[in-house]
Amino acid sequence: MAKVLIIDDDSTIIELLTVKLRAAGHKVVAAMDGMSGSMVATNERPDLIILDYSMPAANGAKVRERLRGCSFTATTPILVLTASPLSKVASEMGDDPLLRFMQKPIDFPRFA
């Protein structure tokens, strides 16, 4: 199955997503901030990145910018999680056909 990187500053979200994704047969790696998430992405080369939008130090838009600037993650699909209005986040994230958005709180039955 796929290798998924979760970048989120909320350990509960990471835990819940990890359980759900592993149950579906995926390999999961995680990082609790944007800087370490960018490094993990470069080293692990995930098939999908699940990215929290609101994090201290670097929000999802800054992390996406870093990820797109790296040859290893330039074309990796990103699922952005946010509690903010989706239209606001989508406009701040920029035009990127490999971005998708999901509202928090996560609808876990729908997530699978």
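**View 1. Ser38 sits in helix H2.** Helices here are DSSP runs of H or I with at least four residues, strands are DSSP runs of E with at least two, and both are numbered from the N terminus. Ser38 is buried, with a relative accessible area of 12%. For burial, the cut-offs are under 20% relative accessible area for buried, over 50% for exposed, and partly exposed in between (1.4 Å probe, protein chains only). Leaving out residues up to four places away in sequence, Ser38 touches Val63, Arg66 and Leu67. A contact like this means heavy atoms within 4.5 Å. Keep in mind that this is a predicted model, where local features need pLDDT of at least 70, side-chain atom pairs count only at pLDDT 80 or more, and totals for chains, interfaces and linings use all residues. Residues are numbered from 1 along each chain as its sequence is written, and side-chain values use heavy atoms, with hydrogens and water left out.

**View 2. Here is helix H2 with its buried residues.** Which residues of H2 are buried? They are Gly34, Gly37, Ser38 and Ala41. These residues cover an arc of only 100 degrees around the axis, so they end up on the same side of H2. (The arc is taken over the directions from the helix axis to the C-beta atoms.) Their cover includes S1, S2, S3 and helix H3 (60–68). At the start of H2, a side-chain oxygen of Asp33 comes to within 3.1 Å of the backbone nitrogen of Met35. Just after H2, Arg45 has a positive phi of about 50 degrees.

**View 3. Five strands make up an open sheet.** Reading across, the order is S2-S1-S3-S4-S5, and the pairing is parallel. Two strands count as paired if DSSP finds at least two bridges between them. Strand S2 (27–31) and strand S5 (99–103) are at the edges with a single partner strand each, so one side of each has no neighbour in the sheet. On average, neighbouring strands are turned by 20 degrees against each other, direction ignored. Helix H2 (residues 34–44) packs on this sheet, touching S1, S2 and strand S3 (48–52), and its direction makes about 145 degrees with that of S2. (Axes are lines fitted to C-alpha atoms, for helices over the stretch in contact, and angles run from 0 to 180 degrees between N-to-C directions.)

**View 4. Bridges link the strands around S1 and S3.** Strand S1 (residues 3–7) is joined to S2 by five bridges, and Ile6 has Ala30 in S2 as its bridge partner. Four bridges join S1 to S3, with Ile7 opposite Leu51 in S3. S3 is also joined to S4 by four bridges, and Asp52 is partnered with Leu81 in S4. How many of the five residues of S3 are buried? Four are, so S3 is largely enclosed by the rest of the structure.

**View 5. The largest nonpolar core has 17 residues.** Such a core is a set of buried Ala, Val, Leu, Ile, Met, Phe, Trp, Tyr and Cys residues joined through side-chain atoms within 4.5 Å. Ile7, Ile49, Leu51, Val63, Ile78, Val80 and Met93 touch the most other members. S1, S3, H3, strand S4 (78–82) and helix H4 (86–93) each give two or more residues, and H3 gives the largest share, three residues. Not counting residues up to four places away in sequence, what Met93 touches includes Leu51, Tyr53, Val80 and Phe101. A second, separate core has 13 residues, among them Ile14, Leu17, Ile50 and Phe111.

How values were computed: Polar contact = N/O pair within 3.5 Å; in protein donor to acceptor, adjacent residues only side chain to side chain.
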